[in-house]
Amino acid sequence: MHLVMILNALAVAWWLRSSWNQRQGNWSLRWQRSLFLFLFPPLLIFMTVIAVLFMGPQGQMGGMYTGSISYLLALISLAFFAISCIKLAFQGWQSVESARNCPLVNVGDRQARLLQTGALFAGQIGFWQPELVVSQGLVQTLSPAHLESVLAHEQGHHHYRDTFWFFWLGWVRSCTAWLPNTEPLWEELLALRELRADGYAALQVDPLVLAESLLLVVSSSPVLSEICCAALGSSGTDRLEQRVEALLAPPEATPETQLQSWHGFLLAFLPLLTVIFHS
């Protein structure tokens with residue numbers, strides 16, 4: 001019976017991920033849909049694994065005997081999830097330590113770590129309290145107005161705690177790379193994250209100046225890993241036109257996530273209710 005639960009969870013997860021297609025719409029609708037289809041399937045699988053482990057390898061459920069095979073599969077899955085998390089956390093810690101080895105300088109009215117490279121780079125690196133990292137090439141190349149627009153964008157990442165939340169989303173990505181549309185959904189979430197930070201910055205600086213800065217920075221080669229890093233050009237050149245058009249268009253509200261948008265995720269906890277039917 002436990003094996004049937006696992007297979008059902010896998011089937012639902014596969015079906016949901018397969019149903020994704022890149023639809024147009026405002027930022028809020030795209031974010032809610034992409035986040036749900038990215039996060040709900042692995043959450044359903046994870047809750048099913050937890051339920052199977054909690055019920056154990058012996059007993060009955062629905063009049064059917066349970067076996068040790070499903071319990072062993074659940075145990076292996078949980079170990080894989082844990083190892084993936086530890087691996088990403090270690091890589092993120094390495095990125096943070098590398099950033100902290102850079103000298104601390106004043107850039108405008110902000111403090112930042114100075115990366116000794118001629119490439120154009122600015123990003124937040126860390127977990128809940130990330131640090132601003134800028135490259136020497138960025139400081140030397142951009143005008144004060146363009147530099148301020150870049151810093152305003154990075155302040156948007158700090159405001160929304162993007163490095164923290166996308167660390168966990170990156171963990172989900174690594175655990176469910178075998179599910180359909182994992183990479184397209186990940187890229188969509190990255191693009192929406194950057195659009196949100198762009199919108200935050202556009203309220204403080206001239207959007208046209210920010211668009212010009214974006215063109216300069218995105219054309220430069222990436223400097224650091226995306227783990228625990230939220231950088232101006234992290235959505236890639238393929239989303240550049242979309243971001244520039246959004247900056248030049250009338251500003252679109254990007255509201256804070258409402259509690260109602262999380263109600264759908266409660267369905268992923270349904271496998272835990274099966275515990276009461278186990279004996």
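A residue is called buried when its relative accessible area is under 20%, exposed when it is over 50%, and partly exposed in between, with a 1.4 Å probe and protein chains only. By that rule Asn 181 counts as partly exposed, because its relative accessible area is 23%.

What we have here is a predicted model, in which local features need pLDDT of at least 70 and side-chain atom pairs count only at pLDDT 80 or more, while totals for chains, interfaces and linings use all residues. Residues are numbered from 1 along each chain as its sequence is written, and side-chain values use heavy atoms, with hydrogens and water left out.

Staying with Asn 181, this residue is found in the loop between α6 and α7 (182-202), where helices (H or I, at least four residues) and strands (E, at least two) are DSSP runs numbered from the N terminus. Its phi is near 65 degrees, a positive value in a residue other than glycine.

Let me turn to the sheet. It is open, with 5 strands in the order β3-β4-β6-β5-β7 and mixed pairing, and two strands are said to pair if DSSP finds at least two bridges between them. The edge strands, each pairing on one side only, are β3 (104-107) and β7 (229-231).

Within this sheet, β5 (residues 122-125) and β6 (residues 131-135) pair in the antiparallel sense over 4 bridges, and Gln 124 stands opposite Leu 132 in β6. Helix α3 (residues 68-100) packs on the sheet, touching β4 (110-115), β5 and β6, where contact means heavy atoms within 4.5 Å.

Conventions
Axes are lines fitted to C-alpha atoms, for helices over the stretch in contact, and angles run from 0 to 180 degrees between N-to-C directions.
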